[in-house]
Amino acid sequence: MSKSILGLDKKESENLVDKLNGLLSNFQIYYQNLRGLHWNIKGKNFFELHVKFEEFYTDSQVKIDDLAERILTLQGKPLHTFTDYINNSSVPVGKDISNDVEAVKLVVNSLSELLKIEREILDLSDEANDEGTNSMMSDFIAEQEKTIWMLNSWLGK
């Protein structure tokens, strides 16, 4: 078994890099969706949601940078083109959404998709004894689960 400079199995690290690049791609789509929601939201909940979507996309920017840096730490190369993001994502693309309920549902659906990917990475990072990635995924998951709960409460669910 070949080890990386971090003491992790190289093949397992390469697999994690691939999965992290997939998550990075999905976060980039999510981020751009949030920008569009922030810009285009209309209606009685405009002030509340305009600020909330900005909060979400600002947080996503930090997570995107953290993911890219983790990929580099694992001696990988982060994806960085929109073509790569589109080809490696499963988060739904939201276009021309201005309705409050539709916007919040898009965020919930996107976060649910991100959680699936993060849980897969969490399992892989645990098997690889990669505490750095494991900790990052645990933090992302806990925060996003709470956000989904709050947004579902806003939706009346």
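Contact is taken here to mean heavy atoms within 4.5 Å. On that basis, and in a model that is predicted, Ile141 touches Leu115, Glu118, Arg119 and Leu122, residues up to four places away in sequence not being counted. Ile141 has its place in helix 5, and because buried means under 20% relative accessible area, its relative accessibility of 7% puts Ile141 among the buried residues.

The protein chain as a whole comprises 5 helices and 0 strands, and, read along the sequence, its pattern is α-α-α-α-α. For 157 residues the globule rule gives 15 Å, and the radius of gyration of the protein chain, 17 Å, is close to that value, so the protein chain is as compact as a globular protein of that length. The C-alpha trace spans about 60 × 30 × 20 Å along its principal axes. Of the contacts in the protein chain with a separation of 6 or more, 76% are accounted for by residues 24 or more positions apart. Buried residues make up 46% of the 157 residues of the protein chain, while the accessible surface comes to about 8,700 Å², with 51% of that surface belonging to carbon and sulfur atoms.

Tyr31 is found in helix 1 and, with a relative accessible area of 12%, is buried. When residues up to four places away in sequence are not counted, Tyr31 touches Tyr57, Ser60, Gln61 and Ile64. Apart from its neighbours within four places in sequence, Ser4 is in contact with Lys10, Ser13 and Gln75.

In terms of class, the lining of the largest pocket holds 9 nonpolar, 3 polar and 7 charged residues.

The second largest pocket has a volume of about 170 Å³. Among the 13 residues that line the second largest pocket, those closest to its centre are Gln32, Asn33, Gly36, Gly94 and Lys95. For the second largest pocket, the largest share of the lining comes from helix 1, which gives 6 residues. The lining of the second largest pocket divides by class into 6 nonpolar, 5 polar and 2 charged residues.

Backbone geometry in the loops was also examined. Most residues other than glycine have a negative phi. Against that background, Asp96 has a phi near 55°, a positive value in a residue other than glycine. Asp96 lies in the loop between helix 3 (82–87) and helix 4 (100–127); because exposed means over 50% relative accessible area, the value of 67% for Asp96 places this residue in the exposed class. A positive phi is also found at Asn129, where the angle is near 60° in a residue other than glycine. The position of Asn129 is in the loop between helix 4 and helix 5 (131–154), and, with a relative accessibility of 66%, Asn129 counts as exposed.

Conventions: Residues numbered from 1 in each chain as written. Predicted model: local features only at pLDDT ≥ 70, side-chain atom pairs only at ≥ 80, totals over all residues. Heavy atoms only, no water. Helix = DSSP H or I, 4+ residues; strand = E, 2+ residues; numbered from the N terminus. Buried < 20%, exposed > 50% of the residue type's maximum accessible area, 1.4 Å probe, protein only. Nonpolar A, V, L, I, M, F, W, Y, C, P; charged D, E, K, R; others polar. 1 Å grid on protein atoms, 1.4 Å probe; cavity = no way out; pocket = protein on both sides within 12 Å on 5 of 7 lines; lining within 4 Å. Points joined across faces, edges and corners; volume = space filled by probe spheres on them. Rg over C-alpha atoms; globule rule 2.2 N^0.38 Å. Areas by Shrake-Rupley, 256 points an atom, 1.4 Å probe, with all protein chains shown as cover.
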